[in-house]
Amino acid sequence: MTNVGKAPERALLVLEDGTIFRGRSYGAVGQTLGEAVFSTGMTGYQETLTDPSYAGQIVVQTAPHIGNTGVNAEDAESRRIWVNGYVVRDAARVPSNWRSERSLDDELVEQGVVGIQGIDTRALTRHLRSAGAMRSGIFSGESAGVPEQELLERVKNSSEMKGQQLADQVTVASQYTIEPRDHGWTQEPLGTLVAVDLGIKSMTPRRFAERGIRVHVVPADSTVEQISELNPDGAFFSNGPGDPETAVQQVEVLRGILRAGIPFFGICFGNQLLGRALGFGTYKLPFGHRGINQPVLDRSTGRVEITAQNHGFAVDAPLDGPVTAPESEFGRVEVSHVGLNDNVVEGLRCLDIPAFSVQYHPEAAAGPHDAAYLFDRFIELMTATDSAARQKAGK
């Protein structure tokens, strides 16, 4: 419930450990609760806000100036803003960019997103780096006048991110198709991909379409039978919010895909679900990886990639490999990519079945393009698997 006001009002950011930051309202006025996390991207705030992976979270921007270029319809990565709340230091008073269609402040107001501006986001980020991501609340307007101890209790009574099942809340309601011809491809499609929307960003199916792939985007609760009916040459699990331990149905669907021999590619949440499908565990990171400047080592090439990331959970798989997957029917698997800041698993590659995944966002919206090759790598895997299947069938 929000109460929109034109002039900034007094606002508080309350963390569950009792830390309080005082500032002014930004966007809608009222109360919001969520997990406080920080994003280190120096650009791309609109893509961050509209990334469904941020559902349930209050996002702190480490870049000091936010809103300078306004917002536009083209850069949105989904149908709406998903963050529970927004924290910035210096909010632009007037946007200045030829692509701007409206101010970020107006967009936050219209979508009911409660934010706070004018606080020391550097100090807040340092605190979250040492204490970890935690439950929090933004309170502005009348709610900012409530005794601070009561506000702290509201925060402590809110839900933790661990154990939350959020993919079903952000997924598409019904299937839709992205045609390659709509994105500049002039030949017949090279193949058909089924993308399970666990919180997919709009740029991801577009990257496939630009390379000649017809993409059927399907809801998160799609079954193996429904996916198979689309006769796919490959299957894709997207990024998404929440705890991978709660995605029991999607893990079973993925195991069915792997058993059927359908080539598989997963990113972010999809990487975590491949890990669980193979029998590995997942765990919550202290403060996660969020931003467009995360260094990752591709162990197969020795190259370092600067990547876009947004996740608070990771796969618990051995870095020394290859190893036989705990679910041994799927054969050998190895950790293909490693985060250079903390040695977190950033990718998995199956050696006996056509499947691999990465923990980051190769669609690069917004972000660097170092990982764009992964789309080509998967299309090569789809094509090679299809060719091998035809040869085996004697066609």
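Okay, let's start at Gly-212, which sits just after helix 6 and takes a positive phi of about 95°. Keep in mind that what's on the screen is a predicted model.

Now step back into the helix itself. Helix 6 runs over residues 203–210. How many of its eight residues are buried? Six of them, so it counts as mostly covered. If you want to find them, they're Met-203, Thr-204, Pro-205, Arg-207, Phe-208 and Ala-209.

Hold on to Ala-209, as it leads us to our next stop. Ala-209 is touched by Glu-179, and so is Arg-214, leaving aside residues up to four places away in sequence. Where does Glu-179 sit? In the loop between strand 10, residues 176–178, and strand 11, residues 191–196. Is Glu-179 buried or exposed? Buried: its relative accessible area is 15%, and the cut-off for buried is under 20%. As for Arg-214, its side chain makes a polar contact with the side chain of Glu-179, at 2.9 Å.

You'll find Gln-359 between strand 20, residues 355–358, and helix 10, residues 373–392. Gln-359 has 0% relative accessibility, so it counts as buried. What does Gln-359 touch, not counting residues up to four places away in sequence? There's Cys-268, Phe-269, Asn-271 and Gln-272, then His-311 and Phe-313, and finally Val-345, Glu-346 and Gly-347. With Gln-272 there's also a polar contact between the two side chains, at 3.5 Å.

Which peptide bond is cis? The one from Gly-321 to Pro-322, with omega near 10°. Pro-322 is in the loop between strand 16, residues 303–316, and strand 17, residues 323–324.

Then there are two asparagines. Asn-231 has a phi near 50°, which is positive in a residue other than glycine. Asn-231 is in the loop between helix 7, residues 224–229, and strand 13, residues 234–237. With a relative accessible area of 62%, Asn-231 is exposed. Asn-343 also isn't a glycine, and its phi is positive too, near 60°. Look for Asn-343 in the loop between strand 18, residues 332–339, and strand 19, residues 345–350.

We've got ten helices and 20 strands. The C-alpha atoms fill a box of roughly 75 × 45 × 40 Å along the principal axes. How does the radius of gyration fit with a compact globule? For 395 residues, such a globule would come out near 21 Å, and the protein chain has 21 Å, so the two agree.

Buried residues make up 57% of the 395. On contacts, take the ones with a separation of 6 or more: 75% of those are between residues 24 or more positions apart.

And the outside? The protein chain exposes about 16500 Å², and carbon and sulfur atoms supply 46% of that.

Terms used: Residues are numbered from 1 along each chain as its sequence is written. This is a predicted model: local features need pLDDT of at least 70, side-chain atom pairs count only at pLDDT 80 or more; totals for chains, interfaces and linings use all residues. Side-chain values use heavy atoms; hydrogens and water are left out. Helices (H or I, at least four residues) and strands (E, at least two) are DSSP runs, numbered from the N terminus. The radius of gyration is taken over C-alpha atoms; the globule rule is 2.2 Å times the number of residues to the power 0.38. Buried means under 20% relative accessible area, exposed over 50%, partly exposed in between (1.4 Å probe, protein chains only). Contact means heavy atoms within 4.5 Å. Accessible areas come from the Shrake-Rupley method with a 1.4 Å probe; for residues, only the protein chains shown count as cover. A polar contact is a pair of N or O atoms within 3.5 Å; within protein, one must be able to donate a hydrogen and the other to accept it, and residues adjacent in sequence count only if both atoms are side-chain atoms.
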